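Please open the structure in your viewer and keep the selection panel at hand. The stops below say what to select next and what is found there.

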Amino acid sequence: MAPRIAVGQVVKRKAVIVKPDDTVHRVARILSKNKVGSAVVVKGDEIVGIITDRDILDKVVAKGRDPKTVKVEEVMTKKPITIEDDYDISDAIDRMMEKGIRRLLVTRLGRPIGFVTAADLLAALNTYSSEEETEMEEETEVYGICELCGQYGPLYKVYIEGGEKWICESCKDSLNL
């Protein structure tokens, strides 16, 4: 039985806060400066959405819209899926699977503290799994959500851009890894 690990122990990515009426251009600069892929959209005290580099790429850049005129609220994902930091990481994994998402916004008493990704959770589980389990089988199949394409299935640990990623076989093949 794995020890209980709270989601808050696994949060590596801090929550970057932006406003609904910020421009996408401003947010892109903030994401870049902080080296993060997403920001929490907050109005007053309330979390109203989340905006990711993917949203900016798909809903603004790819459509030829001007990032300096498009507002965050036009392209953000409303009502993001959150989890409180004292929940178990297995709850976080269940929630991701159920909703088909790759990252969860972690909150403490409803306030955003950061994000966890499927890979963060898998890495935490991996770290805490006992030695005898790892000796049992060298190539244990890990299932989860591919960090590149978001598909669920068997994952492979690879090193891209100096970081560890969990990706599916087709992404692994397309990157020639």
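UniProt positions are given here in the numbering used for this chain, feature names are shortened, and annotations may be inferred rather than shown by experiment. The model is predicted, so local features need pLDDT of at least 70 and side-chain atom pairs count only at pLDDT 80 or more, while totals for chains, interfaces and linings use all residues. Residues are numbered from 1 along each chain as its sequence is written, and side-chain values use heavy atoms, with hydrogens and water left out.

Select Cys146, Cys149, Cys168 and Cys171, which an unreviewed UniProt entry lists under "binding site". They are spread over 26 residues of sequence, yet they cluster in space, with a largest C-alpha distance of 8.3 Å. Of these residues, Cys146 is included in the lining of the largest pocket. On a 1 Å grid over the protein atoms alone, a pocket is an open set of points with protein on both sides within 12 Å along at least five of seven lines, where a 1.4 Å probe fits, and lining residues have an atom within 4 Å of a point.

Is Cys146 buried or exposed? Cys146 counts as buried because its relative accessibility is 0%, where buried means under 20% relative accessible area, exposed over 50%, and partly exposed in between, with a 1.4 Å probe and protein chains only. Leaving out residues up to four places away in sequence, Cys146 touches Arg102, Gln151, Leu155, Trp166, Ile167, Cys168 and Cys171, a contact being heavy atoms within 4.5 Å.

Move on to Cys168, which is in the loop between β11 (163-167) and α7. Cys168 is buried, at a relative accessible area of 9%, and, not counting residues up to four places away in sequence, Cys168 touches Cys146, Cys149, Pro154, Leu155 and Tyr156. Then select Cys171 in helix α7 (residues 169-174), which is buried with a relative accessible area of 12%. With its neighbours within four places in sequence set aside, Cys171 is in contact with Cys146, Leu148 and Cys149.

**Second stop: the annotated domain and a helix pair**

Colour residues 11-67 and 76-132, which the unreviewed UniProt entry covers with the annotation "domain: CBS". Over residues 11-67 the chain is 35% helix and 30% strand, and the end C-alpha atoms lie 29 Å apart.

Next, select helix α1 (residues 24-34) and helix α2 (residues 53-61), which pack at an angle of about 145° with their axes 10 Å apart. Axes are lines fitted to C-alpha atoms, for helices over the stretch in contact, and angles run from 0 to 180 degrees between N-to-C directions. Which residues of α1 and α2 make the contact? They are Val24, Val27, Ala28 and Leu31 of α1, together with Asp53, Ile56 and Val60 of α2.

Select Asp85, in the loop between β6 (82-84) and α4 (89-99). Asp85 is buried, with a relative accessible area of 12%, and, apart from residues up to four places away in sequence, Asp85 touches Ala6, Val7, Gly8, Val106, Thr107, Arg108 and Ile113.

Lys35, in the loop between α1 and β3 (38-43), has a positive phi near 55° although it is a residue other than glycine, and Lys35 counts as exposed at 74% relative accessibility. Lys79, in the loop between β5 (77-78) and β6, has a positive phi of about 45° and is not a glycine; Lys79 is exposed, with a relative accessible area of 74%.

Terms used: Helix = DSSP H or I, 4+ residues; strand = E, 2+ residues; numbered from the N terminus.
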